Amino acid sequence: MALEKELSVSDQGQVLQAFAKACNREIHVLAQHPNLLWQQLHNRLQWESKVVCRYLSNQFGQIDVSLESSWLHTRTPLFESKNLIRTLIGHKGMVHACVFSPNGQWVISASEDKTIKIWDLDFGQVKSTLTGHESVVEGCAISPDGRWIVSVSLDKTIRIWNAMTGREIKILYGHSDAIKACAISPDGFLAVSASSDRTLKIWEIPEGIERATLVGHTDRITGCAFSPSGQWIVSSSWDGTLRLWDINTGEVIHIMRSQGRYPWAMAKFTSCAFSPDERWILSGDLDNNLKLWDTHTGKEQATLCGHDSHITSCEVSPDAKWIVSTSGSSLSKNDKSIRVWDVALQIERCKLFGHTSFINDCAISPDGNFIASASSDGTLKLWNSNAKLGPTSPSGHLSWVTDLAISRDGSQIVSASDDSTLKIWDPETGHEKHSLAGHTSTVKACAISPDRKWIVSASYDKTLKIWDSTTGVERHTLNGHTDFVVDCSISADGSWILSVSWDKTIKIWDAETGIERRTLTGHTDKVNSCKISPDMTWCVSASNDKTLKIWDTRSGKELHCLRGHNNSVDRCVISPDGHLIVSHSYDDSIKVWDANSGRELANIKGITYLNHAMEISPDGRFLVSVYENFVLRINETKTGVEYLKFRGHTGPIHKCAWSPDGQYIVTISGDKSIRVWDITDGSEKANLPVLGSGGALVLHPYLPRLVSGDQGGHLYWVDMKGVDYGPIIVTAYKTEQGLFICCPACQQDHLINRGQLDCDLTCPTPGCSLHIKLKPFVVNIKVNRTSHAPATPLSESKRKTATVPAKPSSEPTRKAPLPTENSEINNLIERAQVGDARAQYTLGTRYDTGYGVPRDKDQAIQWYQKAADQGLGLAKNKLRALETRQNPSQPHSFSTMPPRFGRSQQPKPAVQNTGAGKRIPEDTLSKQAAALRSSGDLNGALKVLKEQEKILREKRDLQGLKTNLGMQIEIGKELLKSIDHQIQDKLRKSKKK
């Protein structure tokens with residue numbers, strides 16, 4: 001349908017304008033990937049006005065139906081200000097400086113890649129590249145007539161170039177250290193250079209004659225500028241001064257100083273500029289401040305505060321009404337913003353966002369309509385300076401995203417960052433739910449518990465923290481490591497945590513109390529990575545001592561030491577069946593090990609670049625890793641034989657992940673792209689250019705959706721349109737009641753038989769029907785969550801004698817369960833009594849099917865009803881089914897079963913078994929101890945408290961245990977006093993005798 005038939009004239013103009021802006025902003029992508037036109041425009045225009053979105057929904061809806069190839073749809077807007085006009089990509093390193101041509105039609109940039117580039121702003125393309133410098137180019141300037149370009153470098157040279165031809169004219173020598181900045185006089189005859197050798201030099205152009213050397217600064221000089229009249233030069237230095245120089249005499253007119261952040265230090269200046277009328281000077285410093293100085297008096301006039309890190313550059317508009325400044329990065333903050341300030345009001349006018357790393361320089365066009373910025377992310381950006389937008393801030397982290405975790409049902413996403421925080425996100429909306437602040441250094445790793453109720457994080461501040469995932473409140477801080485904590489894992493039942501540190505140790509922690517259970521020692525160098533086996537009986541660690549070690553998690557004993565690598569081992573993974581371990585080392589190899597014997601099975605060589613980009617497929621058959629820097633390679637896990645290669649990335653691959661059906665691989669790369677690969681033919685399925693180099697990646701457990709984080713702290717929620725998953729691969733687990741699987745979508749447990757292994761099934765939960773493929777193997781898991789925790793397990797005698805706690809009369813009468821089911825049934829009843837709808841539903845299922853308890857239709861209906869009253873849809877469906885079913889049938893071979901290990905389990909109420917079989921609650925023991933103490937029977941009271949202590953330790957009741965131990969200490973002191981009195985009495989009697 002034609003545009004004029006759909007929209008009014010004004011709406012047509014709005015739509016066309018939006019399309020034009022989107023094309024300009026995507027021109028750097030479309031120049032390299034013209035096939036991504038529809039994807040890139042859609043991902044930008046979907047956030048425009050309602051008129052544009054309505055037009056998109058009609059036009060793109062028609063195109064979407066006819067699309068043959070897959071594409072990546074971003075669910076969150078790009079973190080860019082609307083002022084952005086264009087992004088210029090071409091440098092292969094940080095861009096350190098930029099300047100507009102006198103006519104404003106092109107921009108010159110200086111880069112870490114040792115080149116200077118001239119850019120055509122109309123087309124966003126490089127006109128010419130100037131090569132010759134032998135090191136990083138730190139600064140550049142252009143003459144007022146546009147004939148000459150001057151550049152300075154860390155190679156200690158100044159070079160003069162012909163701007164039209166790009167030919168090098170002169171190389172000027174004279175400085176004894178790196179040159180940081182340069183400027184050209186208004187008449188184009190002189191140039192000044194500022195160096196780390198603490199001098200400025202004035203040069204005649206184009207002859208290249210040194211005219212004068214200005215000496216006086218006592219530390220590196222960071223910036224310089226000519227006054228508009230050409231009679232003065234201003235310089236900024238780390239010696240805490242700005243100096244105003246007379247060009248003719250070389251003398252200092254004013255020395256300007258400012259108090260720094262600390263009383264004993266002056267502010268170190270990083271940049272400087274003159275106002276067009278020469279009435280004032282602008283400066284930026286390491287204390288994050290902009291300052292205005294009176295040129296004639298040298299006195300400070302005003303201070304502008306707002307940047308989160310030190311100022312890297314500053315410029316004054318041609319009309320002197322506004323100022324532009326850029327900022328660098330601090331230890332944990334990366335400002336990434338360009339700020340525009342109102343000079344008269346001395347307030348911030350707006351922020352410009354879009355870079356993914358700190359910004360080194362900025363420039364203003366001669367007409368004042370545009371701003372150019374040069375960033376450490378390797379790009380230049382062109383901005384509209386006239387748009388009147390209020391200050392806005394993108395959501396995300398202040399620094400690079402180090403790790404991502406997703407809950408096993410896909411309902412929670414957690415990100416960890418170099419900015420010392422974690423964030424919890426809503427995967428449906430992409431909105432931030434909680435920001436978790438508490439760590440004091442980089443958060444290196446994070447994980448979500450199986451029941452989704454808590455999160456663990458590992459940090460360079462030498463601690464781990466456990467957080468409540470609902471409220472974001474910190475539960476515990478795990479102290480014990482003496483160096484960086486770099487990795488952590490949660491056991492399959494959620495009862496314990498494994499962590500590794502550069503202090504050469506591995507520690508096991510109780511997840512509920514945060515208490516350290518065991519320290520595993522044996523490595524002789526930093527430990528980098530850890531993983532827990534599927535059955536939780538062992539774990540593996542990788543170290544800089546060139547070894548991996550397998551540990552028994554129950555005893556803490558070293559089972560095997562895997563030797564064979566010739567350099568540090570930085571990563572390890574375990575196959576889904578727990579039979580294989582795969583490790584990567586800086587000796588450029590990957591090794592496959594037998595987990596049972598510790599024997600090396602395969603050695604994959606040629607791995608020349610790897611940064612956690614090594615993963616085993618969901619079915620355990622294949623291993624993906626990086627080969628020859630930018631090539632992705634798939635090998636058979638057991639044999640190491642190469643299966644397939646993927647080529648397409650132009651930068652290092654930082655992370656990769658398998659889709660849950662094992663048919664696709666997703667990668668993120670230093671070339672600032674996310675790519676999806678089809679393993680059936682090795683083809684690239686989809687490609688999404690993003691703002692920054694990626695460092696973290698996680699895939700949804702059953703939907704074609706991914707989340708990625710980049711170096712700028714941004715997160716991307718992406719739908720893989722046109723990617724159709726096959727059956728989701730699921731592992732069966734064995735318990736005392738049989739074989740079970742858990743559906744990733746509805747999180748319901750279902751009973752299966754061995755004949756269904758390695759087959760495709762459909763989840764029978766009403767409203768779910770997820771297509772599932774079972775793996776051919778089974779993981780052995782015991783139902784009791786304490787059985788594989790590193791703590792001493794409950795003895796068999798205690799398990800058999802434990803009884804069900806008394807139940808309120810309002811609850812359904814419960815028949816005696818089977819002896820082997822006591823602990824689990826007790827747990828279910830306790831949870832059901834406190835209103836846990838899932839536990840009530842599970843109890844109903846138990847009575848309905850007869851597993852663990854005698855079948856009882858009335859009991860099943862009562863528990864289903866309680867769950868239904870709380871709004872649980874599954875319970876309502878069961879009630880309807882029971883009403884239409886006259887005679888209850890036997891349990892189905894693929895029926896709903898009780899929750900697995902680690903599902904929101906509450907601790908058992910502590911009880912004490914007596915010889916008569918009576919159960920004495922712990923509060924009764926407290927009363928007995930108090931009565932014995934008051935009667936003077938201290939030994940009896942202490943004995944009762946010891947019994948209570950055992951109960952509290954089983955319950956893991958820290959508060960009760962603390963009170964109990966306090967009472968024992970008090971009674972112990974009284975006993976000591978009593979003994980002391982007895983001894984004194986005996987001594988007195990012996991003296992009398």
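Analyst: The answers below take up strands, then helices. Please note that this is a predicted model.

User: Let us begin with β59. How many of its residues are buried?
Analyst: Strand β59, residues 705–710, is mostly covered, with 6 of its 6 residues buried.

User: Which way do those residues point?
Analyst: Arg705, Val707 and Gly709 point one way from β59, while Leu706, Ser708 and Asp710 point the other way; all are buried. In a regular strand, side chains alternate between the two faces of the sheet.

User: What joins β58 to β59?
Analyst: A hairpin does so, through 5 residues.

User: How many residues of β60 are buried?
Analyst: In β60, 6 of its 7 residues are buried, so the strand is described as mostly covered.

User: Where does β1 come in?
Analyst: Strand β1, residues 71–74, pairs with β60 in the antiparallel sense over 4 bridges. There, Trp71 stands opposite Lys721 in β60.

User: Changing topic: what is the strand order in the open sheet of 4 strands?
Analyst: The order is β30-β31-β32-β33, with antiparallel pairing. The edge strands are β30 (401–406) and β33 (432–437), each of which pairs on one side only. From one strand to the next, the twist averages 20°.

User: Over how many bridges do β31 and β32 pair?
Analyst: Strand β31 (residues 413–417) and strand β32 (residues 421–425) pair over 4 bridges in the antiparallel sense. The bridge partner of Val414 is Ile424 in β32.

User: Next, Asp760. Where is Asp760 placed?
Analyst: Asp760 is in strand β64, residues 760–762.

User: Why does Asp760 count as partly exposed?
Analyst: Its relative accessibility is 42%. Because a residue is buried under 20% and exposed over 50%, a value in between counts as partly exposed.

User: How far apart are Asp760 and Ile772?
Analyst: Asp760 and Ile772 are 12 residues apart in sequence, and their C-alpha atoms are 5.6 Å apart in space.

User: On to the helices. What should α12 span, at 1.5 Å a residue?
Analyst: Helix α12 has 18 residues (938–955) and should span 26 Å. Its end C-alpha atoms are 25 Å apart, which agrees with that expectation.

User: Which residues of α12 are buried?
Analyst: The buried residues in α12 are Leu938, Gly940, Ala941, Val944, Leu945, Gln948, Glu949, Ile951 and Leu952.

User: Which residues make the nonpolar surface patch?
Analyst: Leu976, Ile979, Ile983 and Leu987 make the patch, which has an area of about 370 Å².

Note on methods
Residues are numbered from 1 along each chain as its sequence is written. This is a predicted model: local features need pLDDT of at least 70, side-chain atom pairs count only at pLDDT 80 or more; totals for chains, interfaces and linings use all residues. Side-chain values use heavy atoms; hydrogens and water are left out. Patches are made of residues with over 30% relative accessible area and no salt bridge: like charges are joined within 9 Å, nonpolar side chains (Val, Leu, Ile, Met, Phe, Trp, Tyr) within 5 Å. Accessible areas come from the Shrake-Rupley method with a 1.4 Å probe; for residues, only the protein chains shown count as cover. A salt bridge is a side-chain nitrogen of Lys or Arg within 4 Å of a carboxyl oxygen of Asp or Glu. Helices (H or I, at least four residues) and strands (E, at least two) are DSSP runs, numbered from the N terminus. The expected span of a helix is 1.5 Å times one less than its number of residues. Buried means under 20% relative accessible area, exposed over 50%, partly exposed in between (1.4 Å probe, protein chains only). Two strands pair if DSSP finds at least two bridges between them. Axes are lines fitted to C-alpha atoms, for helices over the stretch in contact, and angles run from 0 to 180 degrees between N-to-C directions.
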